[in-house]
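Morning, everyone. Let me put the structure up, and then I will walk through it chain by chain.

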Amino acid sequence: MFDQLFSPPGSATRPAPPVAPLALLLAFLGLASILSGWTGIGPSPYFLNLIGQVAAFGMLAISLDLIWGYAGVLSLGHGLYFAIGGYLIAMHMVKVSYLLTSTPPDFMLFMGWDELPGYYAGLEWFPYTLLLIITISALVAFIFGFISFRSRVSGVYFAIISQALVYVAMLLFFRNDTGFGGNNGMTGFTEILGQPLGERATIAGLTGASLLAAAMALAVASRVVRSRYGHMLMAIRDDEPRLRFLGYETLWLKLGVWTLSAVIAAIAGMLYVPQVGIVNPRVLSPELSIEIAVWVAIGGRGTLVGAFLGAVLITTAKFILTAIAPDLWPFILSLLVLVVVVALPNGLFGSGETLRTRISQLATRRAARQAEGART
Amino acid sequence: MHRFHRAPLVFLAVCLALCTAGAATAETPLRRATLEQLCEKSVGPRVEAVDRLLTATAAGEEDASWTFAILDAARSKGLHCGKDAVPLLKLEDGWRDAASLAPAEPPEQKMKPPFVNLKVRASLDMGAALSALLAAPGSAAAESGLGEIEKRPDRANSAVIAAATALSENAPFVDRLGSIQASLDLASEVPEDRIAAIDRIAENPSERNRTALLNLQAELGGKADPVTRDALDNAIAEIDGWIALGAVASTVYSGLSYASILFMASLGLAVIFGLMGVINLAQGEFIMIGAYATYAVQEALRAIAPGLLDWYLLIAIPIAFLITAGVGCAVEASVIRHLYRRPLMTLLATWAISLFLINSVQAIFGTQNLEFATPAFLGGGERLIADFIVTWNRLFAILFAALVFVAALLVLNRTQLGMYIRAVTENRDMAGCIGVSPRRVDLISFGIGSGLAGLAGLALSPIYNVNPTMGTNFIVDAFMIVVLGGVGNLYGTLIAALGVGMINVVIEPLYGAVAAKVIVLLLIIAVIQLRPEGLFAVKGRR
Amino acid sequence: MTLMKRRKFLKTSAAASVAALAAPALIARAQSGDTINLGCLFSSSGTMANIEGRMNAVVNMAAEELNAKGGVLGKTVEVMVTDPASDWPLYAQLGRQLLQQEKVAALFGCWTSVSRKSVLPVVEQNNGLLYYPLHFEGEENSKNVVYLNSPPSSSVLPALDYLMSEDGGEAKRFYMLGSDYVWPRTINKICKGYWTSKGFEESAWREEYVPFGFSNFQTLVNDIRQFASEPGGQPIIVLTVVGSSIPAFFKEIINQGIAATDIPILGLDVLEADLEGLDTAPMVGHLNCWAYLQNAEAPENDTFKEAWKSYVGGNSLPYSPETVIDPMVSAYDGVMLWAAAAEKAGTVEVDPMREAFPGLTFDGCPSGYDIAMTGENNYVSRGVFIGSVNDEQAFDILWQSDDQPTPVPFSPYA
């Protein structure tokens with residue numbers, strides 16, 4: 001029964017998701033946003049910032065869809081890689097503003113430290129930070145993936161231990177003596193790449209970067225899933241043992257896409273944190289990681305576009321409703337999820353045949369029920 | 001090996017009886033001075049008054065029941081003072097004159113109890129406990145006072161202890177009084193008395209007594225005679241042994257208690273997730289609903305039958321089970337049943353349901369913690385070995401978990417329903433073929449699984465905070481336990497809970513609560529790498 | 001592009017743009033000319049909901065009171081309530097939204113120091129005003145925050161002095177137990193500095209931290225009993241756990257039979273609201289220290305309690321009508337101080353208002369003390385109370401200051 005969790009919800013004849021138009025649109029919006037930052041014309045900084053954050057979440061959803069929708073590996077701990085990117089860029093910005101203003105970050109003050117821990121060395125240099133973000137997220141994903149996939153932990157067990165891992169990380173990051181700011185996390189950033197963070201141009205630039213990165217992620221992911229390698233992934237999703245009998249080493253196939261997914265999530269985190277202005281262990285909470293899966297499922301799993309749009313829809317609605325109708329938001333969200341789950345199993349932006357499949361499913365079920373009723 | 005009571009105010013009832021017996025008549029200078037001082041604002045005179053009153057009572061110069069009545073009233077805001085007014089006692093049956101304890105008219109001017117700070121409170125508590133031994137020797141109140149005194153025996157008034165020991169009614173307490181006397185005798189200058197006291201104290205091992213002996217050792221230094229020194233060394237060594245044993249017992253008990261909580265939280269999930277394969281993220285909310293149902297029972301009893309209030313936990317057992325099972329069945333019938341062919345969606349749907357339940361309960365009951373009356377039989381605990389205390393509420397949780405486990409096993413293995421459930425678990429289609437309705441079995445299993453979670457809520461309510469978000473604390477742990485134990489196996493769940501609970505409490509004092517949790521989780525991840533289907537996996541439908 | 005694909009693209013991009021465009025349309029509600037908006041940043045869900053939730057209501061109540069008197073600068077005061085869901089980054093996000101999008105005149109919000117630290121860059125970048133109603137660790141003086149409650153120098157240290165005095169039981173040894181974040185860490189650092197200055201050795205204290213929301217205190221209370229029975233003098237517990245950990249800790253303390261006369265607990269974040277779910281008879285005597293206690297004797301207090309009771313009843317809110325806590329009072333004071341500053345400055349612009357701060361007073365504070373802003377910093381000077389738990393789920397006033405000590409933001413002991 002658990003196998004079904006990781007098999008495609010629809011049939012094999014689903015139309016290919018239209019990734020290119022969305023990627024182009026995002027790229028266009030990204031360039032427009034950068035232009036708007038230069039010229040000073042266009043939406044308010046608040047609105048730009050919101051778009052940027054949503055784009056980063058969309059990118060995170062793409063990373064999860066890549067492994068869940070295509071390789072059938074559900075991670076309930078993708079917040080971990082998001083956090084790796086977020087924390088490293090925060091460390092970079094903390095270091096930079098410490099060097100600039102010589103005001104030590106809060107955690108140094110209340111821990112009574114005179115200098116930043118050794119692992120902050122070199123982090124003031126952005127390219128090095130970027131390199132670390134990519135290598136550390138890839139490395140963590142590789143190690144965790146390697147031991148889990150090698151011992152053939154799969155399905156729901158993989159989902160649960162990935163959640164355990166992110167939970168462990170959260171507990172560790174909550175500790176103040178780890179040098180990552182504990183529960184407070186890190187905040188009070190002043191600038192990124194020499195640009196002051198409060199300025200509209202910087203905000204627009206970050207938004208542009210997030211949109212472009214999301215477009216890139218879409219493009220890369222869609223190239224991957226359409227390639228021969230992508231078809232192998234789908235084969236793993238549909239019947240991993242058979243692929244193994246056929247002589248393929250599924251370990252390395254899965255590890256490849258798993259690592260790629262982690263790197264995309266880390267870059268999304270790197271883009272997210274400067275825009276929101278704080279990182280703390282809440283990005284590591286199991287709830288956030290579950291929420292990512294909710295975005296993907298609502299949008300439509302295994303479509304990339306659907307995952308992205310699902311994230312856009314839910315996070316935008318959350319931004320709006322937590323401000324104007326905070327009491328209603330949880331009810332709206334839960335009912336939306338239930339409606340999607342019961343009536344639209346392939347998600348809002350999933351296959352075009354969803355409704356038809358659904359109706360036929362209902363019909364079959366009714367027939368089955370009648371048959372059962374007749375028997376008893 | 002003595003029981004202590006939570007609320008020292010239990011004396012009040014005894015006091016009433018004594019007061020009405022007309023224990024005292026006249027107003028003596030001692031009484032006037034005492035009351036005057038007790039009404040003062042500053043600390044020193046009040047403490048002094050208590051000491052003087054106790055000494056006088058021990059010497060027979062003051063009626064013990066008056067002493068007790070006044071001290072007990074003073075500490076429980078019964079003694080009312082006013083400017084230039086005769087102090088009065090406000091008891092449950094009305095006002096009394098403090099000096100004579102005779103009924104009095106309610107005061108015309110504003111009178112209020114003098115504020116009792118910690119130092120005065122300690123002195124009054126001790127005084128009331130000591131005078132109870134004289135005023136009502138051999139009674140339950142005296143025994144409870146004895147428990148108070150035993151917490152700080154070095155602060156006791158030795159004259160009162162001696163007088164109490166002399167009373168024949170106190171014969172059942174002679175042993176305990178001896179121990180208290182011994183604590184006082186440690187300061188004695190007579191070596192024989194001191195050695196006797198040391199030996200006596202060694203019989204009652206506790207960290208506090210060890211400290212008392214260590215202090216004595218440090219105080220005597222090189223001046224001690226060899227006999228005393230040997231006695232001290234032996235006594236400390238003996239106490240050390242008991243303390244070590246007590247520490248082990250305490251750890252085992254903490255581990256058992258934590259394991260019982262983990263087990264209760266995961267048992268329902270072991271059925272819903274383990275047997276049925278539904279990834280139920282709303283399991284924590286079923287626990288919460290169980291706790292709220294327990295609360296509802298408590299409030300209903302408070303309104304209808306206050307006499308039964310003490311038993312609300314037991315009365316709530318079927319109700320919490322049925323209400324939560326009902327909610328579970330409703331969830332199954334409305335949502336989950338559409339999703340058995342798409343378990344992915346159960347994860348999302350139950351996540352949404354958990355969000356919905358939390359916010360509904362929050363909207364209806366508010367966010368505050370619910371107030372649970374602790375039944376008399378669950379309050380406090382018993383000191384067993386050295387500093388090892390068995391707290392009744394945790395013992396209740398442990399026993400309750402054991403009973404529920406046995407009951408669940410019986411249902412699954414010894415009833416026809418259990419057979420159906422197992423049949424559907426093993427092979428759904430085959431079970432359907434031989435005439436078991438998988439649909440109905442699903443509904444019932446889901447109901448049982450959620451009902452078990454409701455019982456967990458009941459068992460947790462005396463220990464944990466009960467509020468709408470309480471369930472989220474359990475969900476990760478519950479999944480870890482079920483997965484570690486292996487799905488579809490209640491024994492596995494039990495062993496996993498015991499293992500995790502024990503490991504946790506062993507690590508916690510060494511590296512802290514967070515590290516303990518981290519290490520346990522990493523261990524679980526490692527175990528799953530070695531045994532991807534859990535420790536005790538059975539073949540089920542998958 | 002096939003027809004199918006094109007249709008799909010149109011559909012998806014339409015949905016996306018609707019979602020994106022709907023955002024500003026929904027958020028940007030016109031700021032009409034005759035109202036002034038205030039923003040609230042208090043969680044009504046998540047771990048802090050139990051105590052933070054009622055803060056929204058009290059700000060609303062204060063605004064209604066202002067409006068009943070004719071509003072501020074002739075305009076009606078409206079309160080915008082948000083729900084940051086105990087999620088620290090969301091405080092920053094919503095703060096940004098309230099300041100940039102809703103153009104609120106001032107923010108009232110945050111309970112934990114973490115959330116304040118999260119909002120701090122936002123109010124500084126946008127030159128907003130945040131009225132912060134909690135007593136906290138100090139060590140901060142932003143020109144964009146009004147610190148309504150006491151820094152440690154005027155609350156924690158007087159309470160420690162009391163416990164170390166002869167009347168208070170001559171505490172000699174200290175067990176510090178806190179939630180692991182900036183407030184407990186800094187408070188404990190200040191305490192340690194203070195004890196060192198009083199000649200205590202490092203062996204006199206022990207320090208333990210638990211994660212947020214921690215509730216299984218069995219082992220720690222065992223450890224506390226062990227610590228308490230060691231030689232060296234009277235032990236006390238300096239408790240800085242927050243939120244749902246507070247009642248959990250007290251439950252375990254009670255069950256292991258520890259009374260205030262054995263080991264007094266100075267619960268720095270313990271409020272009347274935390275006692276709601278507890279039978280306090282076995283807790284009698286434990287201490288806390290705040291700038292207001294429910295039992296403060298003042299006519300203003302009776303009025304305030306009455307107002308709260310009818311407000312809760314009138315709006316059928318899910319909060320206890322009988323419980324009033326210091327941060328509620330501080331938030332109420334904050335609204336009043338804000339209104340006074342606006343009237344004095346003649347505008348709700350932040351810079352002129354800040355210039356109006358020095359010498360600002362409010363004499364209707366329910367604590368009975370007149371509170372004032374000095375202008376040297378953005379702190380408010382207020383009276384200090386030490387409370388002692390009684391058996392009615394409240395605190396008796398054990399000690400209260402003669403006047404309003406001058407707040408010292410930066411502790412010499414940190």
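Start with chain B. It splits into domain 1 (8–171) and domain 2 (246–530); domain bounds here come from an automatic or database domain assignment. The C-alpha centres of those two domains of chain B are 48 Å apart.

Ground rules next. This is a predicted model, where local features need pLDDT of at least 70, side-chain atom pairs count only at pLDDT 80 or more, and totals for chains, interfaces and linings use all residues. Residues are numbered from 1 along each chain as its sequence is written, while chains are lettered from A and ligands numbered from 1 in the order in which they are written.

Now, how chain B meets chain A. Chain B puts in 38 residues and chain A 39. Contact means that two C-beta atoms, placed from the backbone, lie within 7 Å. On the chain B side, α14 (343–365), α19 (472–485) and α21 (513–530) each supply at least two residues. Helices are DSSP runs of H or I with at least four residues, strands are E runs with at least two, and both are numbered from the N terminus. The largest share on that side is from α14(B), with 11 residues. By class, the chain B side has 26 nonpolar, 5 polar and 7 charged residues. The classes: Ala, Val, Leu, Ile, Met, Phe, Trp, Tyr, Cys and Pro are nonpolar; Asp, Glu, Lys and Arg are charged; the others, Gly among them, are polar.

On to chain A itself. Chain A has 13 helices and 4 strands. Of its 376 residues, 56% count as buried. Buried means 20 or more other C-beta atoms within 10 Å of the residue's own, exposed means 12 or fewer, and partly exposed is in between, with C-beta atoms placed from the backbone.

Which residues touch the most other members of the largest nonpolar core? They are Leu60(A), Ala61(A), Ile62(A), Leu218(A), Phe308(A) and Val337(A), in a core of 443 residues. Yet the helix that gives the most to this core is α11 (residues 226–275) of chain B, with 23 residues. A nonpolar core is a set of buried Ala, Val, Leu, Ile, Met, Phe, Trp, Tyr and Cys residues joined through C-beta atoms within 7 Å. Take Ile62(A). Beyond its neighbours within four places in sequence, its contacts include Leu218(A), Ile264(A) and Phe308(A).

Chain A also touches chain C. That contact takes 44 residues from chain A and 47 from chain C. On the chain A side, α11(A) has the largest share, 10 residues. That side divides into 27 nonpolar, 14 polar and 3 charged residues.

Last, chain C. Domain 1 is 35–150 + 296–382, and domain 2 is 153–290. Their C-alpha centres lie 29 Å apart. Across the boundary, 18 residues of domain 1 of chain C are in contact with 18 residues of domain 2 of chain C.

Cys40(C) has Val81(C) as its bridge partner in β2(C).

One more residue: Gly233(C), in the loop between α7 (218–229) and β8 (234–240) of chain C. Buried or exposed? Gly233(C) counts as exposed, because it has 11 C-beta neighbours inside 10 Å. Outside four places in sequence, Gly233(C) is in contact with Lys172(C) and Arg173(C).

Definitions and conventions. Two strands pair if DSSP finds at least two bridges between them.
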